[in-house]
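Colleague: I have not worked with this structure before. Could you please walk me through it?

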Amino acid sequence: MLMAVKNQIRVCVLSTKYNIMREMLNKVTFLTNICFMALNNAAFIIQWVILFHLKKDIGGYTMKEVMLLWGLAASTFGLARILFNRAFSLPELIINGKLDSYLVMPKNVLLSVITSSTNTSAIGDLLYGLTVMCIFSFSVGRLFLFLLFTVTGAVIITAFAVIMGSLSFWFVRAEAFGVHMINSVISFATYPDGIFRGKVRFLLYNIIPVGMSVYMPVHVMTHFDMRSLLTVTGYTILISAAAVFVFYRGLRRYSSSNLMAARM
């Protein structure tokens, strides 16, 4: 069992390595994409500087905490896109019957699919997140927690994307719904959770996994709480198991004739 897990991890690492090496064939484009993504994220710092000049805190967050929030959100999505980029385009593969090549591979189908491509500009997100954390909130303990939550957050977002994408096994137009749900995670993750109340807050912590991937980890890093840390870890395991279950349950319905023309 442990050997099988080790082999799967090794395959994922090699797949990511070769994907990045392929993108690096054009070094100018590769480096430009990374730099412009980091600069794009950094541009929003100006927005928050102006807002905090007008108001001392926003939703209970100071400038330092907002930067930590942005850093974690960027690094989380960056790592997810670097390692598991294909999870975010899963509906296209399902609807167009393009999973066939993965079904014949002698390794885990889901891992084969989601690690089959990478988004190199996401490296800029990851580097930006780490840089912001080190500038605004650095401490050895917080850096360790930041790296841990970057991994758990990436797994949570990827699992959510797999669940949303797997809906295409059952519903032809599910990809539009899935895209909106994933984009909502990205949108909400860059704003303090203190500004949300009632049903919206419930939605962010129980339906859209922003709370567990970004908000609660930020609270743990600013005011350490072991119970919250264990909650995030448990949620990561739970949603990962749910993603695996939903994907393979839907895979039973898949056939290479799942072309859009045939399904209409």
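**Surface, fold and core**

Modeller: The accessible surface of the protein chain is about 13700 Å², and 70% of that belongs to carbon and sulfur atoms. Accessible areas come from the Shrake-Rupley method with a 1.4 Å probe, and for residues only the protein chains shown count as cover. This is a predicted model, in which local features need pLDDT of at least 70, side-chain atom pairs count only at pLDDT 80 or more, and totals for chains, interfaces and linings use all residues. Residues are numbered from 1 along each chain as its sequence is written, and side-chain values use heavy atoms, with hydrogens and water left out.

Colleague: What is the mean pLDDT of the chain?

Modeller: The mean is 85, and 92% of the residues reach 70 or more; pLDDT is the predictor's confidence in each residue, from 0 to 100. Over residues 258-264 the pLDDT is below 50, and this stretch has 20 contacts in the model beyond near neighbours in sequence. A contact means heavy atoms within 4.5 Å. Where pLDDT is low, the predicted coordinates should not be read in detail.

Colleague: How many helices and strands are there?

Modeller: The protein chain has 14 helices and 0 strands. Helices (H or I, at least four residues) and strands (E, at least two) are DSSP runs, numbered from the N terminus.

Colleague: What is the radius of gyration of the chain?

Modeller: The radius of gyration is 19 Å, close to the 18 Å that the globule rule gives for 264 residues, so the protein chain is as compact as a globular protein of that length. The radius is taken over C-alpha atoms, and the rule is 2.2 Å times the number of residues to the power 0.38. Along the principal axes, the C-alpha atoms fill a box of roughly 60 × 45 × 40 Å.

Colleague: What percentage of the residues is buried?

Modeller: Buried residues make up 47% of the 264 residues. Buried means under 20% relative accessible area, exposed over 50%, and partly exposed in between (1.4 Å probe, protein chains only).

Colleague: Which residues touch the most other members of the largest nonpolar core?

Modeller: L99 and Y215 do, in a core of 68 residues. Helix α4 (residues 63-84) gives the most to this core, with 13 residues. A nonpolar core is a set of buried Ala, Val, Leu, Ile, Met, Phe, Trp, Tyr and Cys residues joined through side-chain atoms within 4.5 Å. Leaving aside residues up to four places away in sequence, L99 touches L93, I94, V113, F169, L251 and Y254.

Colleague: Changing topic, is F160 buried or exposed?

Modeller: F160 is buried, with a relative accessible area of 6%. This residue is found in helix α9, where 19 of the 27 residues are buried. Not counting residues up to four places away in sequence, F160 touches M181, I182, V185, I207, P209 and I239.

Colleague: And which elements do the buried residues of α13 pack against?

Modeller: They pack against α5 (90-95), α6 (100-103), α7 (109-114), α9 (140-166) and α12 (210-222). Among the buried residues of α13 are Y235, I239 and F247.

Colleague: What about G198, buried or exposed?

Modeller: G198 is exposed, with a relative accessible area of 56%, and lies in helix α11 (residues 198-206). The C-alpha atoms of G198 and Y18 are separated by 46 Å, the two residues being 180 residues apart along the chain.
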